[in-house]
Every structure is written in C-alpha cells, then in structure tokens.
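Subject: Handover of a structure with two chains

Dear colleague,

Please find below the structure that I am handing over to you. My notes on what was found in it follow directly after it.

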Amino acid sequence: MNAHDTFLARHSFIELTARERIRALLDKGTFRELLGPFDRIESPWLAMQNIVCQADDGAVIARGTLGGEPALIAAIEPAFQGGSIGEVSGAKIAAALELALGEFEAGRTIRPVVLFETGGVRLQEANLGLAAIAEIQAAIVALRAHVPVVGVIGGMVGCFGGMSLAAALCTELVMTRQARLGMNGPEVIEQEAGIEELDSGDRRLIWSMIGGEERVAVGLADTLVEDDTDQVRDAVLAAFERGVPKQHRTENIDGFIARLAQVNPDAIDPDTLRTLWGTS
Amino acid sequence: MTDALSRGERWLDALTSPSTRTESGPIRARDGQLDGERASFFAVVPDPENRFPRAADNVVGLEQGWLLARAVREAIDADRDAGVKRPIVAVVDVKSQAYGRREELLGIHLACAAAVDAYASARLAGHPVIALIVGPAMSGAYLAHGYQANRIVALDAPGTAVHAMGKEAAARVTRRSVESLDALGDTVLPMSYKMSAYAKLGLLHELIEGVDADAPSSVDIERVKASLAAAVKDARNGPRDLSVRLASADAKRTRAASIEVRRRMREQWSA
C-alpha cells in the first residue's frame with residue numbers, strides 16, 4: 001500500500017466511545033458487557049447536585065477473549081464528566097479487577113486491560129472517588145503478580161490525577177501521540193503555581209512534556225502507537241506475550257532515584273530529558 | 001525558616017525513639033514500640049532545601065515518592081524471613097502533591113505510584129499497615145502515603161482533613177463559594193471537609209476524639225499508641241486486601257453503591 005492507502009485504511013481508536021473501543025480490541029463476537037446501562041446502577045451523588053446521571057456512570061466493563069485467551073477490559077468514557085471517577089464508575093473498575101484476581105486464585109487465567117481516559121477524581125463525589133481509586137490501585141498491584149496488567153491511554157482527555165498513579169502501576173502502557181499522562185493537569189498547575197510555572201494554553205509545550213511520544217522516549221510508557229485500532233490491539237497483545245517482568249517500573253526504585261539524580265532542576269526540558277533518560 | 005515542627009514531625013517524635021542517625025531530606029523513617037513490639041513509622045516532613053522548589057513543604061513530590069518507596073521496602077526486606085511482620089505506620093500530614101512543570105516532566109505520577117506500590121506490597125506481604133492521620137491527607141499525596149493501609153486511624157482535631165482537592169481550589173473549579181461548599185458537604189457526605197463526615201463513609205477504623213493534635217499530652221500520646229496497637233491487632237486478624245473498608249455499618253449505609261456494584265458484577269461475572 002502507498003502512504004495514502006495506509007492512511008485511509010486506518011480506523012481511529014480515539015474517535016470511538018468506551019464501548020466501541022472494547023469491541024475493537026476483543027476478538028470478534030466475544031464482547032459481553034457486565035453491569036451495562038440496562039442494569040442502571042447510577043451515581044447516587046450526582047442527582048443530589050442536579051447533575052444528569054448516565055446509566056453506566058461512564059465506565060464500561062466487558063469480558064471476552066483477546067488473542068484467544070479470556071480477557072477483561074475496563075474502559076472509561078471520556079464523554080461523560082470528563083472521564084472522572086465517581087463512586088460507581090470507580091467501583092466497577094475495582095470490582096472487575098478484583099474478580100480478575102479471583103480467576104487466578106481459582107487456578108484460571110484472564111488478561112486484564114484498562115483503557116484510561118480520565119481527569120481523575122470526580123469532584124462532586126470527591127472522597128468516594130478517591131477511595132475507589134485507592135482500591136483500583138490495590139487491585140492492580142495484587143493482580144500484576146499473576147499477569148501483566150496492560151493500560152492504554154488513547155486521547156484526547158488523557159490520564160490525570162489519582163488515575164495517573166493507577167496507570168503507572170500497570171505492567172505496560174500503550175499511548176498514542178495524542179494522549180497525555182500526568183498527575184496534575186496543566187490547568188491545575190497554572191492555577192496552583194502561576195502561569196510562570198506553566199502556561200496551560202501552550203499546547204505544544206504541554207504535549208512535548210507529557211504527551212505519548214515523550215513518555216515512551218524517556219521510558220515512562222512502553223509503546224507508542226498511531227491512532228489506529230489495529231496498532232493498539234497489536235501493542236496490547238505484544239505486552240501480554242512478554243509476560244510478567246522480573247521488576248515492574250514502580251519497583252525500579254534505585255534506577256529512578258539514580259535517574260532523578262542526573263537531572264539538574266534548573267536546566268531540564270523535554271529534549272534534555274531524552275538525552276538523559278532516553279531508552280533508544 | 002521557623003523552628004516550629006510540622007504536625008507529622010511532632011507526632012513522629014511523640015510516637016518513636018529519637019533517631020540514632022542524622023536525619024535530613026523530606027522523609028523520616030523511625031522505629032517505635034507498639035504494645036511491646038517494634039514498629040516502623042514513616043512521615044513526610046517539610047524540606048526547605050529540597051532541590052525541587054515546588055516540593056519544599058510537606059507535600060509529596062518526586063523525591064518524596066521515591067524515597068518513601070525505598071524506606072517502606074527496606075522494612076519489607078528486613079522482615080523477609082520473619083514469621084511475624086512488623087507493623088508499619090504512615091504518619092499522615094501531607095498538604096498535597098507537588099504542583100510543578102518539572103514534577104510532571106520527570107514523572108511525579110510514577111514516583112507517587114512507587115510509594116503506593118511499596119505500601120500495598122507491605123500489606124500483601126503480611127505487614128499490618130496503619131495510616132495515622134494527624135494533619136491534612138490530601139488527594140494524590142494521601143494515595144501515595146496512607147491510603148493503601150489495612151486500617152486508617154484519624155485524629156478528630158482542627159487541621160485534619162481528607163479530600164480530593166483543597167477547599168479554595170475546589171470552590172474555584174465547581175464555581176461555588178467556600179461557604180456554599182461547606183453547606184454542600186453537610187448534605188453530600190463525600191464532599192465534606194469534616195473528619196466526622198469522612199468517618200461516616202466507613203473507611204476509617206477509628207476516629208480518635210479529644211486529642212490535642214498540635215501539643216499532645218502524654219495521656220494523648222498513650223491513647224494514640226493504644227489505638228495503633230489495637231488497629232495492628234485487628235489488621236492481623238483480617239484479610240490482606242482492602243475489603244474491610246466495605247464491611248462496616250457506616251460503609252453499608254454510605255457506600256451501598258460500592259457494595260451493590262461488587263455483588264451484581266460477581267453475579268454476572270461467570271454467567
């Protein structure tokens with residue numbers, strides 16, 4: 001194929017809804033949703049604040065197979081409340097990962113995938129969103145001893161707040177160029193620390209710091225993909241083929257303390273970091 | 001720089017023996033006795049000389065996250081072959097995560113995740129991990145330092161709070177006044193900044209009332225030590241996961257949706 005045909009053959013991952021993203025990744029015809037919209041478990045807290053609920057609370061959980069193996073995919077819907085984690089959406093993701101852990105305790109296997117697209121805690125459910133994120137993190141740490149937990153950050157919301165820690169706990173992370181991964185959103189930093197610390201309107205700067213390309217180049221994420229469902233799927237399958245590593249990224253404490261020691265805080269920028277930490 | 005100790009330092013001094021080593025940097029690791037047993041205590045303290053200027057206060061930044069992870073893992077390693085694992089206590093007084101462009105570029109999310117991992121791994125290895133909230137326990141900083149504990153104990157005193165965002169920032173983001181945010185917290189429990197409201201979510205093992213958090217008396221200190229020892233005992237008799245947070249009477253009331261989601265997903269899991 002020439003470049004033009006390749007471009008036309010692409011199927012955007014980013015433009016899909018959470019539910020469509022899962023369908024695109026699972027083996028054809030194997031998608032089975034758990035606690036779907038017809039189960040109508042909605043946020044008990046949003047209505048109290050005159051905010052319209054959504055019947056799946058912005059989290060889609062499905063089982064199926066991936067590369068012929070049993071799989072679980074949890075996906076966050078960016079179009080509902082910015083992909084924020086409330087009590088119900090957080091509990092759905094935590095429960096799914098806890099049940100996946102149960103599979104291994106029962107002597108079976110399952111491939112867990114999380115599709116991140118979230119600003120973090122849903123502020124209208126503050127402390128219960130935060131509590132759910134702690135439970136999601138606990139489940140990822142317990143589960144990844146048995147199987148890689150693979151995270152995908154598609155775009156355009158990105159992955160922020162407490163959920164960026166959950167992403168960092170994943171065995172491997174797949175990111176598009178459009179995706180961003182950071183703890184504090186640029187707007188929050190500008191608000192807390194001033195525009196001289198970070199101009200949240202400078203999109204080029206933001207993506208150069210926390211975008212998928214930089215994150216993969218400096219070893220804070222694993223695979224960079226184009227916005228194409230086949231590429232995302234191939235990257236996820238490859239991560240499972242590699243299996244559980246001897247050491248997860250969050251266990252490489254001496255390595256990262258040494259890397260941090262190489263950095264001069266007064267003279268650091270995305271390009272300099274690539275020369276210091278670059279993996280390729 | 002003032003000589004005033006932060007809450008975290010003050011309580012660490014109250015609960016542990018003085019360190020034999022010179023202490024510097026943002027993380028304190030000390031040993032203390034709980035019910036005649038050796039326990040490890042960890043705190044994040046202000047570090048005015050920190051080379052990352054946005055992380056000089058008692059906040060969790062890049063170095064704080066990684067150094068916490070290292071300190072907690074040293075305790076795990078020391079007990080690798082021990083039949084009974086030592087208690088680990090996170091003394092929580094953390095205002096926030098560090099907000100800065102260097103922090104984001106250099107992966108503060110990963111540094112904090114490393115601390116999450118260390119505490120969770122300690123819990124899974126059989127250490128009773130207890131969080132003692134003596135000051136603010138805010139958002140990502142609390143996730144990194146305290147929220148992976150088997151049991152959470154908090155002082156009900158001015159200045160202790162658990163929340164996802166500081167009150168002023170939350171007011172800006174939700175376009176409310178600080179006063180209306182307080183009023184909202186009285187009806188929407190998870191929005192409240194009051195420790196007594198947090199206790200009603202069912203996530204706490206114990207809310208300790210009537211203790212002077214800034215200047216604890218020897219009676220106060222003994223009371224907190226007794227509570228920590230009781231939490232350790234309870235943790236040893238329970239599971240190593242966080243399921244206990246859904247088991248209390250308060251959780252059954254306030255986190256009913258969290259429980260219902262798990263019940264129904266289990267039903268549909270193998271259908």
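A residue is called buried here if 20 or more other C-beta atoms lie within 10 Å of its own. By that criterion, buried residues make up 53% of the 271 residues in chain B. Please bear in mind throughout that this is a predicted model.

The two chains

Chain B has 11 helices and 7 strands. Its radius of gyration is 19 Å, close to the 18 Å that the globule rule gives for 271 residues, so chain B is as compact as a globular protein of that length. The C-alpha atoms of chain B fill a box of roughly 55 × 45 × 40 Å along the principal axes. Of the contacts in chain B with a separation of 6 or more, 70% are between residues 24 or more positions apart.

Chain A has 11 helices and 7 strands. Buried residues account for 56% of the 280 residues in chain A. Among contacts in chain A between residues at least 6 apart in sequence, 73% join residues at least 24 apart.

Where the chains meet

In the contact between the chains, 63 residues of chain A are paired with 63 residues of chain B. Several helices of chain A each supply at least two residues to the side that touches chain B, including H3 (87–105), H5 (162–169) and H10. Helix H4 of chain A gives the most to that side, with 13 residues. By class, the side of chain A that touches chain B has 43 nonpolar, 11 polar and 9 charged residues.

One helix pair spans the two chains: the axes of H10 (residues 253–261) of chain A and H2 (residues 62–78) of chain B come within 10 Å and cross at roughly 150°. An angle over 145 degrees counts as roughly antiparallel, and H10(A) and H2(B) are therefore roughly antiparallel to each other. H10(A) passes H2(B) in a left-handed crossing. On the chain A side, A:Ile253, A:Phe256, A:Ile257 and A:Leu260 take part, and they meet residues of H2(B) including B:Trp66, B:Ala69 and B:Arg73.

H2 within chain B

H2(B) also packs against helix H4 (residues 108–124) of chain B, at an angle of about 20° and with the axes 7 Å apart. These two helices are therefore roughly parallel to each other, and their crossing is left-handed. Among the residues of H2(B) in this contact are B:Leu62, B:Trp66, B:Ala69 and B:Arg73, while H4(B) contributes residues including B:Ile108, B:Cys112 and B:Tyr119. By class, the contact of H2(B) with H4(B) has 15 nonpolar, 2 polar and 2 charged residues.

A residue to look at

B:Gln97 lies in the loop between strand E3 (88–94) and helix H3 (101–105) of chain B. Is B:Gln97 buried or exposed? With 32 C-beta neighbours inside 10 Å, B:Gln97 counts as buried. Leaving aside residues up to four places away in sequence, B:Gln97 touches A:Met183 and A:Asn184 of chain A, as well as residues of chain B including B:Val59, B:Ile108 and B:Cys112.

With kind regards

How values were computed:
Residues numbered from 1 in each chain as written. Chains lettered and ligands numbered in written order. Predicted model: local features only at pLDDT ≥ 70, side-chain atom pairs only at ≥ 80, totals over all residues. Axes fitted to C-alpha atoms, helices over the stretch in contact; angles between N-to-C directions. Helix = DSSP H or I, 4+ residues; strand = E, 2+ residues; numbered from the N terminus. Parallel < 35°, antiparallel > 145°, perpendicular 65-115°, else oblique. Left-handed = near helix turned anticlockwise from the far one by under 90°. Contact = placed C-beta atoms within 7 Å. Nonpolar A, V, L, I, M, F, W, Y, C, P; charged D, E, K, R; others polar. Rg over C-alpha atoms; globule rule 2.2 N^0.38 Å. Buried ≥ 20, exposed ≤ 12 C-beta atoms within 10 Å, placed from the backbone.
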